[in-house]
Amino acid sequence: MTSGSTPGLTRFNTSADSEASAALHEVCASSAWGSKMLAQRPYANAEALFHASDAAMAELTAEDLAEAMAGHPPIGRPKPGDPTSSREQRGMAGASEELKAEMLELNLAYQEKFGHVFLICATGATGEQMRDAMRDRIGNTAEAEREIVRTELGKINRIRLTRLVEEYEEDND
């Protein structure tokens, strides 16, 4: 992305609130995050968009984070027919049955302890790396894990915002 405004960002900035809101909801299921992002349009460039996302993420309450996490399927079980979750969890696609079974067991233990899905920025990570992260993080306190989740959501949002602006560019070509 260039430092200036791109055609895709311009289209996002000028789209109807309902269209932009729907696009933002695909990035992050938190309505508080989406409202903050929508209210700050127009964005001068991608860095301004990312900065606003990070700032909005930092302000989310525990309830807002729970709403955001509800939009993410468990690792190893992408939403059927959802190309985004399939793409982001590609590292689990070729996993052995043993690794898939271990991930299911870890996912259930994690959900029982924390009350929500294990969230990690899975883009580019192998199944083994995701498993190791879950093993490490399951011992965290709820407070420590909430802040790790906030960081991971921020990473996911940046990737998805980049795709959103690029897709707006492709749609406009």
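Good morning. I begin with histidine 116, which counts as buried at 17% relative accessibility; buried means under 20% relative accessible area, exposed over 50% and partly exposed in between, with a 1.4 Å probe and protein chains only. Histidine 116 lies in the loop between α7 and α8. Helices here are DSSP runs of H or I with at least four residues, strands are runs of E with at least two, and both are numbered from the N terminus. Apart from neighbours within four places in sequence, histidine 116 is in contact with Met69, Tyr110, Gln111 and Val149, where contact means heavy atoms within 4.5 Å.

A word on the source. This is a predicted model in which local features need pLDDT of at least 70 and side-chain atom pairs count only at pLDDT 80 or more, while totals for chains, interfaces and linings use all residues. Residues are numbered from 1 along each chain as its sequence is written, and side-chain values use heavy atoms, with hydrogens and water left out.

The pLDDT, the predictor's confidence in each residue from 0 to 100, averages 88 over the protein chain, and 91% of the residues score at least 70. Where pLDDT is low, the predicted coordinates should not be read in detail.

The largest nonpolar core has 44 residues, and Trp33 and Met37 touch the most other members. Such a core is a set of buried Ala, Val, Leu, Ile, Met, Phe, Trp, Tyr and Cys residues joined through side-chain atoms within 4.5 Å. Beyond residues up to four places away in sequence, methionine 37 touches Leu24, Tyr43, Leu49, Ala52, Ser53, Ala56 and Leu161.

How do α3 and α4 cross? Their axes come within 9 Å and cross at roughly 140°; axes are lines fitted to C-alpha atoms, for helices over the stretch in contact, with angles from 0 to 180 degrees between N-to-C directions. On the α3 side, Trp33, Lys36 and Met37 make the contact, and on the α4 side Leu49, Ala52, Ser53, Ala56 and Met57.

In the loop between these two helices sits proline 42. The peptide bond from arginine 41 to proline 42 is cis, with omega near 0°, whereas most peptide bonds are trans.

Finally, asparagine 107 is found in helix α7. Is this residue buried or exposed? Asparagine 107 is buried, at a relative accessible area of 1%.
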